Every structure is written in C-alpha cells, then in structure tokens.
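The sequence and structure are shown below.

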Amino acid sequence: MPAPSPSQPSRTAGTVFFLSDYGTQDEFVGVVHAVIAARAPGTTVIDLTHHIPPFDVRAGSHALVRAVPHLGPGVVLGVVDPGVGTARRGIALEVTLPAGGRMCFVGPDNGLLVAAAEAAGEAPISSVVELHRDAVPPDRGATFDGRDVFAPAVAELCLGTPLTALGEPVDPLSLNRLIGGVVEQGRLHDGRPCLRTEVTWVDHFGNLQLAATVADARVAGIPASGTIELHARLESGRADVDGFPRSLVPDGVQLRCVEAFGELQQGEFGLLVDSNGHLAVVAGEASASHWLNVVAGELLVLAW
C-alpha cells in the first residue's frame, strides 16, 4: 500500500458525538451525517440527541456536560445556535483526556461547548481556533453552519488534520461562557436553613434536576434522610426581582429523601441524588414537573 501523500492528512479512526436542536422531522440531521460520511468515510456518528429545545444553549450545554464523562476520545459536534448567520464565531477546541487520548469540540462560540470541554479535560481549555469560513454563494444565505462549516471541520479532524490547520488561534479566555446555575444558602424567616437553587433540566419523565450538587447539599447541611420542605420563593410575598419565572409551587410541599425512585409511593414527592451527582426533585411513578407546575429556569427553595 502506498504511503499517504504529504499533502493529505493520515486517516485515523473517527467517532463523532452529535447534539443539536434540529429535531428529527426535517432533513438537517441526515444532511450533516451525509457531509461527514462523504468527507471522512468510515467515521462513526453517534447521535446524543437532536431534541434540545430550540435555541436553548443552556439546555444543550447541560446535556453535553452530562454526556462527556461517558464518551471517550472523539469529536463532539454541538449545534444549538440562535446566532447562526451573524458575526459570532465558529470554533474548534481540543482537550487531553485524563485517561489518555484527545477530545475535540466543534460548534458555535456561544457558551455551548466550554463547560463540557473543561469537564472532559478536567482542566482549562488551552487550544482553540476560529474556523475558516468559505464565502457564501450569492444565491443562498449563511444559515446552515452545521452543514457548511461545522461538519466539514469535524470530518477533517476525523481524517487527522491538526486543529491549527482549520482556523486561526483564539485566546481561550475570549470564549463566551454561560452563567452558572443559581445555588445559594440562606435561612427562612423562621430561622430554618435553606438552599435556593435553580431547576436546570427537566427530563422527559418530569424529574427536576437542580443546579445544586451532592457536594452543595453536604456543605449546606441538607440531611440525607427524613423530609425536606419545598418552597417556590425564599419568603412568601417576595418580589420576583431576579427575572426568573415565578413558580406555582405551593409553600411547604414535602419531599422525602430517598436513594431510588422505587422507594416512593405512587404520586409521592421525593428528593434524591441523580446519576449525574445533582439533587433532583422527583415523584413516584409520576411527573414532578407536571404536578408541581415547574419548568427549567425556575428557582426553588429546599428548607429543613
């Protein structure tokens, strides 16, 4: 077999982990698959999800953070991009995995990728480029970067092309970052300790993942057993001054601290540590989100 031409990158095994807000009714996901397959034959594309709420960058970022500990070496393609067609940058970045190998992330510079990349590498990002962009033909608009910018870059990375060949270096400190979820310790007006935390994700079962982690719970002193009270606001009548949606949760809902869903009776509310290390408000064989009238972005208070 002849040696590869010096002008061509050497072929490497490629795995792409693809997340988007495209949905699966239109052809968008299939077209991105096709571009990658045509440019880097044999590449494996694993669809993480394409049902991130439209343009919800925070939901996409949270999904990637939950996924990356289980992915291994490869390329993460994330496309949740309300800024498509604007001057926002398309980027590719690379991190070294603690267990060996490298993981690259490709997508828009809108905060979608940064937290997941730093979680994967367990270190600050050090290598980033702004992707080269071909001129847009005069007969169509620049509104499909997933096909026209990101998929070709992903294919090149799977072919072994070095990151630095795909664009101009970018200062990692200039990357856009999302504001972290709210986690605040405090006390109710009656003196009881409490933890005020944001609902960062509602899964399709209706479980409410909170920004607070098991480490936050330990620091705050939340008991591991017994009952926790759930409140919608820090104090009754508190003005909604922080811009977050107002919850309809009645004050004093009882949450039983459990280790597994099966410990709850049907319709009983509980608090547990989920598989991602976050606190979650759940219901036995029911949707906590539905019965508590809660969506992602709301603030809840746990009191004990």
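Valine 32 lies in helix α1, which spans residues 28-39. The model is a predicted one. The relative accessibility of valine 32 is 1%, and this residue therefore counts as buried, since the cut-off for burial is under 20%.

Apart from neighbours within four places in sequence, the contacts of valine 32 are with Phe18, Tyr22, Leu77, Phe144, Gly146, Arg147 and Ala151. Aspartate 145 stands 113 residues away from valine 32 along the chain, yet the C-alpha atoms of the two are separated by 9.8 Å.

## The chain as a whole

Six helices and 15 strands are found in the chain. Of its 304 residues, 46% are buried. Among contacts with a separation of 6 or more, 69% join residues 24 or more positions apart.

The accessible surface of the chain amounts to about 15000 Å², and carbon and sulfur atoms contribute 55% of this area.

## Helix α3

Helix α3 covers residues 114-121, and its buried residues are Val114, Ala116, Ala117, Ala120 and Gly121. Viewed down the axis of α3, these buried residues fall within an arc of 165°, so they line one face of the helix. In an α-helix there are 3.6 residues a turn, so residues three or four places apart point the same way.

The packing partners of the buried residues of α3 are α2 (57-67), β4 (90-96) and β5 (102-108).

Notes
Residues are numbered from 1 along each chain as its sequence is written. This is a predicted model: local features need pLDDT of at least 70, side-chain atom pairs count only at pLDDT 80 or more; totals for chains, interfaces and linings use all residues. Side-chain values use heavy atoms; hydrogens and water are left out. Helices (H or I, at least four residues) and strands (E, at least two) are DSSP runs, numbered from the N terminus. Buried means under 20% relative accessible area, exposed over 50%, partly exposed in between (1.4 Å probe, protein chains only). Contact means heavy atoms within 4.5 Å. Accessible areas come from the Shrake-Rupley method with a 1.4 Å probe; for residues, only the protein chains shown count as cover. The arc is that of the directions from the helix axis to the C-beta atoms.
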